[in-house]
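Hi,

Here is the structure I said I would pass on. Have a look first, and then read on for what turned up in it.

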Amino acid sequence: MIVVERTDPRHPGAVALLQQSHALMQSLFPPEDNFYLDINDLAADHIHFFTARQGDSILGTGAVAIKDGYGEIKSMFVDQAARGTGVADALMRQLEDAARENGVTLLKLETGNALHAAHKLYRRHGFTDCGPFGDYVAAKSSIFMEKKL
């Protein structure tokens, strides 16, 4: 069974996955197009950080940052061995629930153009393309998406 729960992003299992995610982003995109949050930044009060686990093994991470007028999906990552097992779907459902609990009616995200599996996940959950938002600017390697809740 997949258990999704609010977690301190500094938990060792979460840190290990976040470091894998950051390394992947650094290998795929130029530094100016990497918009991931540092691990300590994920512990901010306006960010709800979750992990998905089976037993004691943390298999995925995801966060929703509560912004003015919308929530932003951040730090979605699933261990390669757990991809295709429902971990990402479970995380997305929890992030949407957390957003709703905080009065959010619109979710937004930025993702890399090379992350095709992520695009499929977000579209499956009802996200559609949109333009840059917040502090983002258009970048060749960025795709922006949103979903009304």
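A quick word on terms before the layout: helices are DSSP runs of H or I with at least four residues, strands are E runs of at least two, and both are numbered from the N terminus. Also keep in mind that this is a predicted model.

With that, the order of elements from the N terminus on is β-α-β-β-β-α-β-α-β-β. That makes three helices and seven strands in the chain.

On overall shape, a compact globule of 149 residues would have a radius of gyration near 15 Å, and the chain agrees with that at 14 Å. Along the principal axes, the C-alpha atoms fill a box of roughly 40 × 35 × 30 Å. If you look at contacts between residues at least 6 apart in sequence, 61% of them join residues at least 24 apart.

Now the inside. Of the 149 residues, 48% count as buried. In soluble globular proteins, nonpolar side chains tend to be buried together. Here, the largest nonpolar core has 28 residues, and the ones touching the most other members are Ile73, Met76, Tyr122 and Phe127. Two or more residues each come from strands S2 (47-54), S3 (57-66), S4 and S5 (106-112), and from helices H2 (87-101) and H3 (116-124). Which element gives the most to this core? That is H2, with eight residues.

Setting aside neighbours within four places in sequence, Ile73 is in contact with Ala63, Val64, Leu95, Leu107, Lys108, Leu109 and Phe127. There is also a second, separate core of nine residues, with Ala14, Val15, Ile39 and Leu42 among them.

Ser75 has a positive phi of about 55°, although it is not a glycine. Is Ser75 buried or exposed? Its relative accessibility is 15%, and the cut-off for buried is under 20%, so Ser75 counts as buried.

The accessible surface of the chain comes to about 7700 Å², and 49% of it belongs to carbon and sulfur atoms.

Cheers

Technical notes. Residues numbered from 1 in each chain as written. Predicted model: local features only at pLDDT ≥ 70, side-chain atom pairs only at ≥ 80, totals over all residues. Heavy atoms only, no water. Buried < 20%, exposed > 50% of the residue type's maximum accessible area, 1.4 Å probe, protein only. Core = buried A, V, L, I, M, F, W, Y, C linked by side-chain atoms within 4.5 Å. Contact = heavy atoms within 4.5 Å. Rg over C-alpha atoms; globule rule 2.2 N^0.38 Å. Areas by Shrake-Rupley, 256 points an atom, 1.4 Å probe, with all protein chains shown as cover.
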